[in-house]
Amino acid sequence: MNVQETLNGYKTRLEAYLNALPMTGAPETLRKAMRYSLLSGGKRLRGCLLLAANELAGGAEKDALPFAAAIEMIHAYSLIHDDLPAMDNDTLRRGKPTNHVVYGEAVAILAGDALLSHAFEVMAASPHPRALPALREIAGAAGVGGMLAGQTLDVTMEGARPNMALVRAIHEGKTAALLTAPVTAGLLLGGAEEKELHAGREYGYHLGMAFQIVDDILDLEGDPALMGKTLGKDTAEGKLTWPACVGTAQAKKDAQAHIQAAADALAPFGGRADFLRQLAFSTLHRVQ
Ligand code: GRG
């Protein structure tokens with residue numbers, strides 16, 4: 001099995017699904033702004049995780065695609081809002097001007113709102129017998145106990161003294177929640193049993209923690225051209241990051257340990273989970 005080939009397959013099919021979303025009723029400007037961020041590249045990690053987890057549990061891909069699309073819509077909304085002047089005030093994302101730079105702040109806010117609500121509309125329209133539990137996983141991860149909790153801590157604790165417990169809470173909410181939910185939602189859709197769901201939850205958590213630690217390191221050491229965004233802002237703005245707490249060398253070790261824990265968590269699936277295992281290891285060396 002070639003991880004990159006498998007990943008590209010999921011990504012291509014997901015992109016086609018996203019591209020074909022009708023977004024019925026949206027005025028042209030709103031539709032354009034939504035599509036600008038939804039279809040502007042990105043690794044599609046969350047959507048591909050959902051498709052892979054669903055397949056691992058024995059589900060058919062066509063039944064999981066609305067949920068994979070939904071998690072990417074929620075991710076796109078979070079990036080649009082995170083880039084706004086009131087939040088991180090970024091002008092570049094995925095190598096392109098951010099949504100508010102192109103469409104103005106008001107439309108960018110609406111495009112984010114629209115992507116969030118459309119994600120739930122798409123999931124709720126699914127006739128899948130386990131649509132509701134999958135939707136609940138995704139809602140919880142995006143909501144007050146997940147991404148919104150992490151993002152609130154991230155923006156309100158700027159400038160605070162580096163504090164491991166706080167950084168862990170930020171990373172769990174801001175990033176790990178939205179990387180865990182596609183795994184557990186995909187497993188639920190595919191019909192996984194409780195032990196497998198638990199394994200998926202552990203995997204997603206550790207993958208998500210490592211992903212954000214690597215993101216913190218890339219902000220210090222990454223190539224802005226490859227990352228497609230302005231780097232070095234975490235330090236400039238006094239963000240609470242993993243390297244700020246433990247130093248870059250230890251942060252790299254911690255990311256590796258989280259990825260090893262993610263891979264180990266997949267034991268109940270045996271060799272059938274090799275794609276997810278290798279995907280996790282590949283995130284340690286990502287450059288974008
Ligand atoms: C504003 C509600 C709200 C939430 C914002 C996700 C987020 C929370 C902020 C975005 C900035 C950031 C550093 C988030 C942490 C998660 C993360 C590393 C996002 C980038 O994800 P990738 O690398 O992006 O998967 P692509 O472009 O590949 O889709």
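Which residues lie nearest the centre of the largest pocket, and how many residues line this pocket? In this predicted model, the lining of the largest pocket is made up of 47 residues, and Leu79, Asp82, Arg93, Asp215 and Lys229 are the ones nearest its centre. The ligand sits in this pocket.

**The ligand and its surroundings**

- The ligand is surrounded by 20 residues, and the closest of them are Lys43, Arg46, His75, Arg94 and Gln212.
- Lys43 has an N or O atom in its side chain that is 2.6 Å from an oxygen atom of the ligand.
- In the case of His75, a polar side-chain atom lies 2.7 Å from an oxygen atom of the ligand.
- For Arg94, an N or O atom in the side chain is 2.8 Å from an oxygen atom of the ligand.
- The ligand exposes 700 Å² when taken alone, and the protein buries 93% of that area.
- Two or more residues of the shell around the ligand come from each of α4 (61-83), α8 (147-156), α9 (164-190) and α10 (194-221).
- Helix α4 contributes the largest share of this shell, with 6 residues.
- Divided by class, the shell around the ligand holds 7 charged, 7 polar and 6 nonpolar residues.

**The largest pocket**

- The space in the largest pocket, where the ligand sits, amounts to about 1,100 Å³.
- At least two lining residues are supplied by each of α3 (45-56), α4, α8, α9, α10, α11 (224-227) and α12 (233-236).
- Helix α4 gives the most to the lining of the largest pocket, namely 7 residues, and α4 also provides the largest share of the shell around the ligand.
- The lining of the largest pocket comprises 20 charged, 15 polar and 12 nonpolar residues.

**The second largest pocket**

- The volume of the second largest pocket is about 300 Å³.
- Its lining consists of 14 residues, with Gln4, Leu7, Lys43, Ser282 and Arg286 nearest the centre of the second largest pocket.
- Two elements, α1 (3-19) and α15 (274-283), each give two or more residues to this lining.
- Helix α1 accounts for the largest share of the lining of the second largest pocket, with 4 residues.
- By class, the lining of the second largest pocket has 6 polar, 5 nonpolar and 3 charged residues.

**The cavity**

- Across the whole structure, a search finds 1 cavity of 30 Å³ or more.
- The largest cavity contains about 120 Å³ of space.
- This cavity is lined by 13 residues, and those nearest its centre are Ser37, Ser40, Asp83, Arg93 and Asn99.
- The elements that provide two or more residues to the lining of the largest cavity are α2 (28-38), α4 and β2 (96-97).
- The largest share of the cavity lining, 4 residues, is again from α4.
- The lining of the largest cavity divides into 5 nonpolar, 4 polar and 4 charged residues.

- Helix α4 supplies the largest share of the shell around the ligand, the most residues in the lining of the largest pocket and the largest share of the lining of the largest cavity.

How values were computed. Residues numbered from 1 in each chain as written. Predicted model: local features only at pLDDT ≥ 70, side-chain atom pairs only at ≥ 80, totals over all residues. Heavy atoms only, no water. Near = heavy atom within 4 Å. Polar contact = N/O pair within 3.5 Å; in protein donor to acceptor, adjacent residues only side chain to side chain. Areas by Shrake-Rupley, 256 points an atom, 1.4 Å probe, with all protein chains shown as cover. 1 Å grid on protein atoms, 1.4 Å probe; cavity = no way out; pocket = protein on both sides within 12 Å on 5 of 7 lines; lining within 4 Å. Sits in = over half its atoms within 2 Å of the grid points. Nonpolar A, V, L, I, M, F, W, Y, C, P; charged D, E, K, R; others polar. Points joined across faces, edges and corners; volume = space filled by probe spheres on them.
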